[in-house]
Amino acid sequence: MEAVRASAAWVASRSSHVTVDLQEIEKVVDKIQGNVPKVEWDFEGIHYFDNGPLTVQYLFVLDALNFCFWPDKDLSYDHLASGLKLALEKDKTALDADRLKNYTGPQLRQLLNWPRPLPIEEERVRLLHEVGLELERNFGGQAANLVKSAGNSAATLIELITRHFPGFRDHSLYKGHQVFLYKRAQIFVADLWGAFKGQNYGEFNDINSITIFADYIVPAVLRELGILKYGSNLSCSIDSNREIVPGSEEEVEIRACSIYAVEKMRDLIGKKFGKQLLSIDIDLWLWSCGVQNMALSHHRTLSIYY
Ligand SMILES: Nc1nc2c(c(CN[C@H]3C=C[C@H](O)[C@@H]3O)cn2[C@@H]2O[C@H](COP(=O)(O)O)[C@@H](O)[C@H]2O)c(=O)[nH]1
């Protein structure tokens, strides 16, 4: 994931709407004495898990659809995770590749037990079809085979996913340069690692190469902590819930600076306290704080990537 780390640092060094405050990172690191509170994967108890290939299929579909819940104020990630779980418990074939290929918008809503159209529903349906078709074409219909073919390497798995499934190619152009963020591809690896506790389908010998997942919750938490500082126009847009255009400098800076800031935090914890943390652990801590703080205002961008 060197490309993610390097391009995020490149953006952070040229950023004008968002600043990473290194002193504030140090204050936070000192305050917690380098001990990032441990948050268990599935602390909410909402995910499907059976320790086998169906869990892998579930997590892949989950992360294919793991984006943009905020346009519906009642919808959240929890509904997606628990909706897919219930659907699988009712019908073990619900996420088979040949079914994924054919879902319509209303059928997806029914699957998730959601009473009205989902945000960017047509894209969600298109992405489900893409997953079903490509799994069938190259992986015998099973996400578990995709994971096996990565040979326990997180970086290889992300490369395979982004090569085969265009919907996971989360990148942007910034001042003419290509910036890689790969939020949903990386979170899929982290979900495997968390669910299978680093064993079996969750065993990756390079799990430390993963960065945080640049969504709309973690940046809001970093801003609240004082680590990210926004210029006055951007602050005003976010605090008044104005949408931030996908691919705009502001949007790319928010996401890339979040990745960069957490990498800095991780380095500092290593240097000052001699602890080698994973970005995944810092992400889950920050994310869990963010989703429990209803008052946090986050940036709003219509996007299939996060
Ligand atoms: N950085 C980061 N972003 C994450 C997650 C997760 C869930 N991860 C699961 C893995 C283990 C745990 O047990 C979690 O359940 C979702 N998101 C993002 O949040 C946003 C949804 O927010 P809201 O609208 O309030 O539900 C949306 O962009 C979604 O893509 C994460 O872990 N890290």
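This is a predicted model: local features need pLDDT of at least 70, side-chain atom pairs count only at pLDDT 80 or more; totals for chains, interfaces and linings use all residues.
View 1. Tyr77 takes part through its backbone instead: one of its N or O atoms lies 2.8 Å from a ligand oxygen atom. Taken alone, the ligand exposes 680 Å², and the protein buries 94% of that (Shrake-Rupley areas with a 1.4 Å probe).

**View 2. Here is the shell around the ligand.** The ligand is surrounded by 22 residues (a heavy atom within 4 Å), and the closest are Asp42, Glu44, Asn66, Lys183 and Asp283. By class, 13 residues of the shell are nonpolar, three are polar and six are charged (Gly counts as polar and Tyr as nonpolar). Helix 14 gives the largest share, four residues (helices are DSSP runs, H or I, of at least four residues). Helix 10 (183-195) and helix 14 (279-292) are the elements that give two or more residues to this shell.

**View 3. Phe60 and Phe188 form an aromatic pair.** Their ring centres are 4.9 Å apart and their planes stand at 55°, so the pair is tilted (pairs have centres within 6.5 Å; planes under 30 degrees apart are stacked, over 60 edge-to-face, the rest tilted). Phe60 in helix 3 (residues 53-64) and Phe188 in helix 10 are 128 residues apart, so this pair links distant parts of the chain. The structure holds 14 aromatic pairs.

**Notes.** Residues are numbered from 1 along each chain as its sequence is written. Local features need pLDDT of at least 70 and side-chain atom pairs 80 or more, while totals for chains, interfaces and linings use all residues; side-chain values use heavy atoms, without hydrogens or water.

Terms used: A polar contact is a pair of N or O atoms within 3.5 Å; within protein, one must be able to donate a hydrogen and the other to accept it, and residues adjacent in sequence count only if both atoms are side-chain atoms. Rings of Phe, Tyr and Trp (its six-membered ring) pair if their centres lie within 6.5 Å; planes under 30 degrees apart count as stacked, over 60 as edge-to-face and the rest as tilted.
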